[in-house]
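I set out these notebook entries for a reader who is new to the structure. Each entry records what I looked up.

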Amino acid sequence: MSEPMRIRATLQGDVADVRILMRHPMETGLRKDAQGQIVPVHFIQNVTVAHNGKIVLDAQWSQAVSRDPFLGLRVKGAKVGDKITVTWTDSKGDKRMDEASVTGAS
Amino acid sequence: MHEQRRRFLLITGAGAAALSGLLPPFNADAATWNKAGFESKALNDAIKSLGAANATETRDISITAPDIAENGAVVPVAILSKIPNTQSISILAEKNPFPLAATFDIADSAEPYASVRLKLGETTHVRAIVKAEGKFYTASKEVKVTVGGCG
Amino acid sequence: MSSVRRWLAAFAVAALPCCLAAQTGPDGLALARKMLAEDNPGELWIDRGKDLFFQKRGPRNESLERCDFGLGPGKLEGASVRLPRYFADTDRVQDLESRLLTCMLELQGFKREDLAKTAISPALSNGSDIEALALYVTSRSNGMKMNVTLDHPREREMYEVGRYLFHRRAGQTDFACVTCHGEPDKRIRLQDLVNMTDQKEIQEVVGSWPAYRGSHGVVRTMQWRLSDCFWQMRLPELAYGSDVSIALTTYLHRQGNGAVVHVPGFKR
């Protein structure tokens, strides 16, 4: 059961500055655990970000993306209250979707 | 008959990555994962898998990354393309065992910008490849990777 | 203690490649540190710590809502900035983590050995409950200033013991904490050594714990930081929640009074 993402979407003019923190081990399959066993490969392969239901960014990742990955992007033509939906799929087929609303500049 | 078969292989094989740029980029499903690219060990193979073998060096791609990273496991890298009609941004770590790190397909309604954190195995050039109007552009920046101190 | 050893200790700290200074001083690392601190994965542990705090757990199936961190049961805002402090119910001066242990034992019925054994999680693991809880409770004082008072005689005593320990040379390296942390502009490879005898420098760091440690992929706490220093110095293992750890924490927090709490910090 994956842990929730943290999504911040702050309006700057009419561009939403979107910052996403995800929890994921992003294992390369090259690491050995304390018992000397290889920790199997397990990483997020796809991330999509949608703005009011329309995908605006579609990412493919390798295991070279860091553990507990971060993604930053900027969405044009955004307004306060717009929905930002983030979905990730990993190499084991697990999926996770979280949503947040665009807020005004603090 | 042979011609048809060759075309079929082209579409489903390595050519799929190059052809995908011609298809509408945003349908209901996420982009197929570029297995050939991500599993390339040689930098040139990774670049070829993107169709970017003849990418033009440019100053219109800005790479924000530290000169020195005290922890190679979490290196922040942000790419901003100033090239009009940018379709995608790919990021490679030239000296990594598998150089291709990420590809971002970007709709017109998002800025041609992406910020992530990468694992860098050693001091390396971080290379950005931008696809715009079917053409490829590239820039790179060296990031020194070292081990921290205490602990 | 021979003067040769004293000289060697000083040399080891002071002798750094001079040519590196220009490239690898604080400015060379500043960009990465800024980018990482702005979006800190440690924040995800705050949510987890909050869930754990309010969840009914342990053999007694109780939450931690009645835990007293010094301002009364369940009062979290401003509690961690007053720690360590004396608690009458345990007749001890306690820091945040040992106080969490107390509550998890008394309120929830957990066993001390089980908690102490797993309190510090392995690197690249999922992290421990105590790490998440310590971060959550400290985050409830974000923006507030460190304010350790020594009104109680046992608090004053703990401070004095901590100050003594900070300056006491021990173990096979003959180091004291002050050996590395008692002078300005010192570093080990890329890590700047905080001069803890300088109030401004210690204020800059004391409010940043617990912190997400990038190379470990988990949240690290003050208890971990001290035990890791002990390991660096080749001293005997620092027991979790021990009086030695609390004495040092009392000293360091008091030295850092006035520091603004801002957690989670981000460490390499």
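Which residues does B:Ile129 touch, not counting residues up to four places away in sequence? I found B:Ile47, B:Leu50, B:Ala52, B:Ala55, B:Ser90, B:Leu92, B:Phe136 and B:Thr138. Two residues are in contact if their C-beta atoms, placed from the backbone, lie within 7 Å.

I noted the conventions next. This is a predicted model, in which local features need pLDDT of at least 70 and side-chain atom pairs count only at pLDDT 80 or more, while totals for chains, interfaces and linings use all residues. Residues are numbered from 1 along each chain as its sequence is written, and chains are lettered from A and ligands numbered from 1 in the order in which they are written.

**Entry: the core.** I looked up the largest nonpolar core and found 123 residues in it. Such a core is a set of buried Ala, Val, Leu, Ile, Met, Phe, Trp, Tyr and Cys residues joined through C-beta atoms within 7 Å. A residue is buried if 20 or more other C-beta atoms lie within 10 Å of its own, exposed if 12 or fewer, and partly exposed in between. B:Ile129 is among the residues with the most contacts inside this core, as are A:Val49 and A:Leu73. Helix H7 (residues 129-139) of chain C gives the most to the core, with seven residues. Helices (H or I, at least four residues) and strands (E, at least two) are DSSP runs, numbered from the N terminus.

**Entry: chains A and B.** I found 26 residues of chain A in contact with 30 residues of chain B. On the side of chain A that touches chain B, S4(A) gives the most, with seven residues. S4(A) also pairs with strand S6 (residues 100-106) of chain B in the antiparallel sense, over five bridges; pairing requires that DSSP finds at least two bridges. I noted B:Ile106 in S6(B) as the bridge partner of A:Leu57.

**Entry: chain C.** I counted twelve helices and seven strands in chain C. Its C-alpha trace spans about 60 × 40 × 30 Å along the principal axes. Of its 268 residues, 40% count as buried.

How many of the eleven residues of helix H5 (residues 96-106) of chain C are buried? Nine are, and the helix is mostly covered. Among the buried residues I listed C:Leu96, C:Arg99 and C:Met104. What covers the buried residues of H5(C) includes H7, helix H11 (222-232) and helix H12 (243-255) of chain C.
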